[in-house]
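Please have the sequence and the model open.

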Amino acid sequence: MAYVADAPKETFRLSMLIYDTRYRSITIQVIVLILALLFVGWLADNTIKNLAAKDKDINFSFLWNRAGYDIGQQLIPYTNDSTHSRAAVVGLLNTLVVAFFGCIFATILGVFAGVLRLSNNWVVSRIMTVYVETFRNVPLLLWIILSFTILSEVTSPPNAFRLTDEMIASGQEPAASMLFNDSVAITNRGTDIPWPLLERPMGGAEFAGVPINFAVVISLLLLAASVYVARRNSQRARKTQEETGERPVVWWQNLLVVVLPVAAFLAWRGFHLEYPELKGFNFRGGLSIAHSFTALLIALSLYTGAFIAEAVRAGILAISKGQTEAAYALGIRPGRTMRLVVLPQALRVIIPPLISQYLNLTKNTTLGMAISYLDLKGTLGGITLNQTGRELECMMLMMGIYLILSLIISSVMNAFNAAVKLKER
Amino acid sequence: METATPIFVRNEMLGPKEPPTSQRGVVKWFRENLFSTPLNSILTVIGVAFVYLVLKTVVPWVWNGVWTASSLSECRQIIAETLGPDSHAACWAMIAERWKQFIYGFYPMDSYWRPTLAFALMFVALAPVLYFGIRHINVRMVGAVGVLLMIALWGLGTDGAHIGLALVLMAALTAVAWVAPKKLVWLTLLYPAIGFFLLWGGSVWGPVGALLGFVILAFVWLGLQRQVGVVVAGGIALITAAVWWLSVQTHVTGALHAAMPIGLPPVRSDQFGGFLLAFVIGVTAIAASLPIGILLALGRRSDMFLIKTMSVGFIEFVRGVPLITMLFVASLLLQYFLPPQTNFDLILRVIILVTLFSAAYIAEVIRGGLAALPRGQYEAADALGLDYWQAQRLIIMPQALKISIPGIVSSFIGLFKDTTLVALVGLADPLQGITKIARADINWKGIYWEPYLFVGLIFFACCFSMSRYSMYLERKLKRDHR
């Protein structure tokens, strides 16, 4: 009697590549790979042919040619004699500065609106609902253009601020006046705000094309040192509390440690604010902020704030009612319950959508193009592209930079998320 | 023995007493919702004052608006005469004069009935999808759309023949919705071709030929999928259809057109504008991005390394760059990547790129839905002996899509709002393109609130109703009781 020890060995047949699920996935992947390679090859071939037909090549050397255009808002020195690459860096910094302030304002606004939307107060929660729904359901571009139009068409020209001798004689007031005790002037050209200056500046140096002001560096170092000392002081206080059960009062010490050294240093160098003043046809002195920046910042903050408010509301609603009730049972007041019990837990739910809102805000800064805000899209992907005609290079570079920016923001925020996330096991 | 009879025994219960005045009705509501704490009272007062101030400015401004004037200065003059020199009021005359341009862009005036009919048919085509062939809702919807369409066509001054045509069509569709509501799905399937034909015009045989390609695709796929599996059959069907579209179709449709020249006057793409453009781009991209997004999400969760890598790469790349750069790729770079001398429409290029953009976001939303499904659902499907596609179709996707409805709809809303960005590559969207043209008119120079309010209000209406529909859908599909 013969026993069959094994199942009959199946020989490999070609049809098994399609019918056998063990091999089918390999077949499909190989086909997809071939198709993908063919597709990429086809694109590359077309690109080479098209470039040849237009007598162009792929060459990034234009980045070191003279740019020849002016940029209104520059965080590092730039003239129209600078290179295209420097223009791109100026644009990138403009993108970053709007994104940075936008994220801060949108977060503050969003947290307030989200918490107030859940308030027991009927009127307040309705107002917040109207705010959130209005901003979420209307395109961002409309808010940007509208705020820019209002800022530049409703405000008065600089000469409306003028107070002439005849007007003083006849007791007339100028048509427009400055805000906040004559310190801020909003004209149809921009917003002029006071700017801190030193009477005895400390000079500076240039590092890789970026000017560095020694006074600012020293102030920052002083501040960092003071904050470190203050934290050590708080730690000492906590230790004392753990040992003796009584916490020494240290807040005023910390405040003094943080504020005094920097204040003393600045006073020694003659710190003062320079106020904008009407000279000639325009305001001089202080810092002039273009309306394109202000409008973009306002619109982005309000728009993203509405989305963040929704994320905050969803996060708070995700925390079970028992947590609030337990806090009330312990006798904690509603405000502190929100701050100490609900929000820290809700934070874990809120952070992931918050990350994507920050990313959206950063990407949405490109809409500044509609109001001629020269960010990275406006310089590298706008004027530089049009002047040099190098579409392929400019677009590739620009998309690469945005991609890296997004990856950096999401990795930083993910690290933060990992830090505050509920630690289990 | 004498029994003591009590003097008084209550025979009936006392009715419940009303709560004290401070604990009921309006007073209670006010105390709880407006004046529960001192801080709340202050907030209430501030809130009411704020609302009052806003309404005090806005309501008279809107209400006293001037509807008939030919320029902004005339408008201001009328306002100054009727309300006094320093008063402000809206100048709706600008909207009254230009609303057709806001809606239709530069579409030929005598053909306004075509986009209007296409818009109405869109709702009829959506009805079976949105309301699952529930008869009474479908009939009501189709009927209401028909009545509104008649009013709109009459208001636009369309000629009698076209109104009659539309009337017969809508009556027939209402009848279909009444007799066999599920059959309306056929209109949904045919709608892309119908919409294209109505909007762009030209020979009727072009869209018919394109549709035939899909019919071929469906037949080949159905015939082969039993034998060779879903994916391979899909590939073969796609290749057959591609052969039809790329090499056979033009000959067949050319011959048919020569034999029977039926068609509408063609409209060039650069005549599209305003909300017509926003809807064409938005609706097409929404409809196309959902299936692509589902495939990308499945690809991202696939066991096949290559497919997974490609899906992840595509999704992360698209999500990392702003939409504007994608639009500029459409307008500047696509010409490099395609064979020399191919030159197709900017609107089509923009639609393709917007679709890809939105598909990546939808893929991430659906991936979230897939991840939220308990592992047991996948295992149950395997235990029932379902293959991959059957499991996806019958078990996984219905649940995953249900979970991701809010996310999908908010992606759609975002996409629809983002159609305004096409202005930046030179198309005439309602916000930038048309409003800019209107404001550049010497008669209306200096007007800003009115056009932006008008455009914003329409966008708000569309997006808000979309989000309300998603809430309805969520409630309707909710099976658990949380």
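I start with B:Phe459, which is buried at 0% relative accessible area; buried means under 20%, exposed over 50%, and partly exposed in between, with a 1.4 Å probe and protein chains only. B:Phe275 is buried too, at 3%.

Before going on, the conventions. This is a predicted model, where local features need pLDDT of at least 70 and side-chain atom pairs count only at pLDDT 80 or more, while totals for chains, interfaces and linings use all residues. Residues are numbered from 1 along each chain as its sequence is written, chains are lettered from A and ligands numbered from 1 in the order in which they are written, and side-chain values use heavy atoms, leaving out hydrogens and water.

The whole structure has 27 aromatic pairs over all chains. Rings of Phe, Tyr and Trp (its six-membered ring) pair if their centres lie within 6.5 Å; planes under 30 degrees apart are stacked, over 60 edge-to-face, the rest tilted. A:Phe100 and A:Phe101 are edge-to-face because their planes meet at 75°, with the centres 5.4 Å apart. A:Phe100 is exposed at 51%, and A:Phe101 is partly exposed at 34%.

Back to chain B. B:Phe275 and B:Phe459 make a tilted pair, 5.2 Å between centres and 50° between planes. Ring pairs also place both in a cluster with B:Phe119, B:Phe123, B:Phe279 and B:Phe416.

Last, charges over rings: NZ of Lys or CZ of Arg within 6 Å of the ring centre and within 35 degrees of the ring normal. A:Lys377 has its charged end over the ring of B:Phe328, 3.8 Å from the centre. For A:Arg136 over A:Phe307, that distance is 5.8 Å.
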